[in-house]
Structure formats: C-alpha cells, structure tokens
Amino acid sequence: MNDPRAVQEADVLVIGGGLHGTSSAFHMARRGAKVIVLEADYVARHSSGVNAGGVRTLGRPLPEIPLALMSREIWHDMTERIGEDGGFVPSGQLKIAETDDELEDCRKRVALLESHGFTHEKVIDRETVLDLEPALARHVTGGIWVERDGYALPFRTTTAFRLAAQRLGVRFLEGTPVRRIEQRGTRWFAHTPQGAFSAEKLLVTAGAWSGELAKQVGESVPVHPEGLMLMVTHRVAPFCRATLGATGRPLSFKQFDNGTVVIGGKLIGIAELANRHGEVDFMRLVRSAQTVTDLFPHLRHLGVNRAWAGVEAFTEDELPVISASRKASNLYYSFGYCGSGFQLGPGCGQLVSELMLDGTPSISLDAFAVDRFDRHETASAASARHLATH
Ligand SMILES: Cc1cc2nc3c(=O)[nH]c(=O)nc-3n(C[C@H](O)[C@H](O)[C@H](O)COP(=O)(O)OP(=O)(O)OC[C@H]3O[C@@H](n4cnc5c(N)ncnc54)[C@H](O)[C@@H]3O)c2cc1C
C-alpha cells in the first residue's frame, strides 16, 4: 500500500489555485510538464472567483499593455484553447469623460499611447458615446473606447482553466495550505498539513499571501492586501451594453444578460489576510452608488441585492511581480496584480510557462522583476542623499 505521508513528486509545484495558478499550470502541462497545484482553500475561492470580470486593456499602465493585448487575443480564442469561453462577452469597454478637462486628459492619454505605437484606445466624442450608450446622463463630454475589450464570468473562467489543466494531467489539491517552502539540493519542498510535495521548480501564485512565501527565502517584496468590493443590483430592463469606467472617479460597471448590474471600481473595503477573508465597508459603497446614479439617473431606485469583498494583492508601484526569484534558483513568482489581474490571467499563464520552461518569455517581463523594488529603494536613497548634501 502507498504511504500517505510519502513525498509526492512533480516537475513543477504551483502554490495557489487562482486564475494565475490554474492558467500557468494549464500552459505548463500543455508543454508536457507534470504539475501539482496546492490550494489552501478551494480553486477560485479568492480574487479570481469573485472579481468584476472586466476584460480590459483600456487604461493599463504602459508596461502592462503588451501583456494585456496578448492576453486579449487568448480571450477571443478561449474556446479553441481550453474548450469553453469562460462567459466572455466582447461588449467593448468605454471610459467616460464628464468634463472638458477630463476629455482633454483622454486625448493626452491616447496621444501618449500612440507615441509608443499602441493604437487600441480611441478617443470618441459626446455624440458617439451617447450613440453607444443612449441611457447615459447628458452631461458626458466624450471618452475612450476599446471595441475588442469586454467582460467574462470569473468563477467559470478559473474553473475552466482548472478543468482544462486536469484533462492534461495536472493534479489540484484543495484544502492544502503550504506552510513552509525549502530548497534541498536541486529540489523544492512544500510542506503542508497533508504532507510534503517536491519538484525541481516552484511557482508562487498565492495572490495576497505571496509575500509571506517570498519572505521564507529572504526575498522581501512590498506587497500588501486590500479588500476590493463589488455590489450587484436587482434585475432591470436592458439599458447598457458596454462595460463602463469613468475618467474622473472610480467606476467599473456592467449589465449582465440577466438584467443585474455589477458595480465596483477599486472600492476598498477591509482585507483580513490571516482569516483569509474580505469585509464590506458599506459607507464606501454608498459613494460608488452615487457615481452610478449620476451617470444613470433612472437607476436611482434600483435595489442592491448583494455586496462582497475579495482579498487582492497590491504592490508599491501598482505593477505585478512576474519574475524568477533573485534569491533562489528554480523559484518563480506571479502575483501582485493590483485589481487588474483577471484580464491578464490567460496571457500571463502562457508567459510564465515560457519563463519557467524555456528561460525566455516571448514578451519581455523585465518591468515586473522582483528586485525592481530594491533598485527603486536604492535610487530613492541615493536621491535623498543627494538632496541632503545640496
Ligand atoms: C472585487 C474585485 C474586483 C476585481 N475586478 C477585476 C476586473 O474587473 N478585471 C480584472 O482584470 N481584475 C479584477 N480584479 C483583480 C483580479 O481578480 C486579480 O488580480 C486576480 O484574480 C489575481 O489572481 P491570482 O491567481 O493572482 O490570485 P488569487 O485569485 O487571490 O489566488 C491566489 C490563491 O492562492 C491561495 N493561497 C494563498 N496562500 C497559499 C498557501 N500558502 N498555500 C496554498 N494556497 C495558497 C489562495 O487561497 C488563493 O486561492 C478584481 C479583484 C477583486 C477582489
């Protein structure tokens, strides 16, 4: 009989069964790697299963744009790749300007992108905005439109990647929290209450909990948790097709086919890392509801059905860490997606598989290196010294 306490072996261990863990596992298994995913709770329990589902290249920081554009092509090809579309609807994404100054900011943003060769964001005038979304309040002045963006269903997408990975032989162990990682010789060991697991390569996709694991190998990453909130309304007759954001205030807004409206936009609630739980701050939700009724006055009396908060990982510079460790060999990170990692999941999973199996990803990940914070620290320390001596 097999010893249940025997170390279970694979080529790659993945810690964390969110979208980045499941997508990376899928893409590595596709290349023939034997992969085990260790998940503390259950797959898609945290951000990856409870987010707003925005598939948005619009408004990305410059270093993320190549990744987001590459990922978007996978979204459009999802059924081909993993056997189902994750509920993806290419609704387009629209960022609304409410004043002339905001519209000017939109123009400057798009001009900046064009100067870097990116042409996916288009400035549109007030009439075009109102043609696209006739129910919007009349005070809008224009906006930015990205036709190939959209939204998808988070739990369904993450589960679809999990099932596709399982079909390629990936094993998922849920209720299996990794308490300690260590490298012995050429192998990594992950210790859990359910026993030890070992592989040559280790990937940390543990979301807001990743910093704790990196610390175990002496890699200090400035990552902190936030409890991001969303609310969903009662059903209402169809009035909005695109996924919406705003230029001057936080907003993420979409109406599903069943009539419900999901409202969010980096609304910060409470994150309880130790309890693995996010808590809603209702006073802050009220402010967001105000933005929505300013833009769609006819929703003033629409009831809210449910609100929730998910625990998300944020970094100091609002960019993710997608990188080989600088402290240990064969250790890799993909975390810190700062409220925008759902759209990136399919693409980053592929890039991480290239980084881990080939050493060179097809798109440069230099901007996401784990040691960039040390460099920033050094640069700001140098600048502080410079100021102090002049
Ligand atoms: C309310 C909300 C709205 C959002 N809206 C959008 C949006 O519209 N568009 C968009 O692109 N992004 C959005 N995001 C962000 C997006 O959901 C995340 O960036 C993305 O899901 C992160 O995926 P992940 O796999 O890195 O992390 P997670 O989904 O957090 O997965 C990490 C997993 O690791 C597990 N884990 C942690 N520690 C351990 C351990 N020691 N051992 C084993 N397992 C462990 C956790 O249990 C968890 O399941 C939103 C997020 C939230 C919370």
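User: Hi! Which residues line the second largest pocket?
Analyst: Hello! Keep in mind that this is a predicted model. The lining of the second largest pocket is made up of Val89, Ser91, Tyr151, Pro238, Phe239, Cys240, Arg241, Gln255, Phe256, Asp257 and Gly259.

User: How do the residues of that lining divide into nonpolar, polar and charged?
Analyst: Six are nonpolar, three are polar and two are charged.

User: And how much space lies in the second largest pocket?
Analyst: About 180 Å³.

User: How many residues are in contact between domain 1 and domain 2?
Analyst: On the domain 1 side there are 16, and they are in contact with twelve residues of domain 2. Together the two domains bury about 1200 Å², with 49% of that on carbon and sulfur atoms.

User: Which three residues supply more than any others of the area that domain 1 buries against domain 2?
Analyst: That would be Ala52, Ala208 and Trp209, which supply 41% of the area on the domain 1 side.

User: What about salt bridges, how many are there between domain 1 and domain 2?
Analyst: The count is one. There are also ten residue pairs in polar contact between the two domains. As for the side of domain 1 that touches domain 2, it has seven nonpolar, five polar and four charged residues.

User: Last one: which side chain does Arg276 meet in a salt bridge?
Analyst: Arg276 meets the side chain of Asp41, at 2.8 Å from N to O.

How values were computed
Residues numbered from 1 in each chain as written. Predicted model: local features only at pLDDT ≥ 70, side-chain atom pairs only at ≥ 80, totals over all residues. Heavy atoms only, no water. 1 Å grid on protein atoms, 1.4 Å probe; cavity = no way out; pocket = protein on both sides within 12 Å on 5 of 7 lines; lining within 4 Å. Points joined across faces, edges and corners; volume = space filled by probe spheres on them. Nonpolar A, V, L, I, M, F, W, Y, C, P; charged D, E, K, R; others polar. Contact = heavy atoms within 4.5 Å. Buried area = accessible area lost by both parts, 1.4 Å probe. Salt bridge = Lys/Arg side-chain N within 4 Å of Asp/Glu carboxyl O. Polar contact = N/O pair within 3.5 Å; in protein donor to acceptor, adjacent residues only side chain to side chain.
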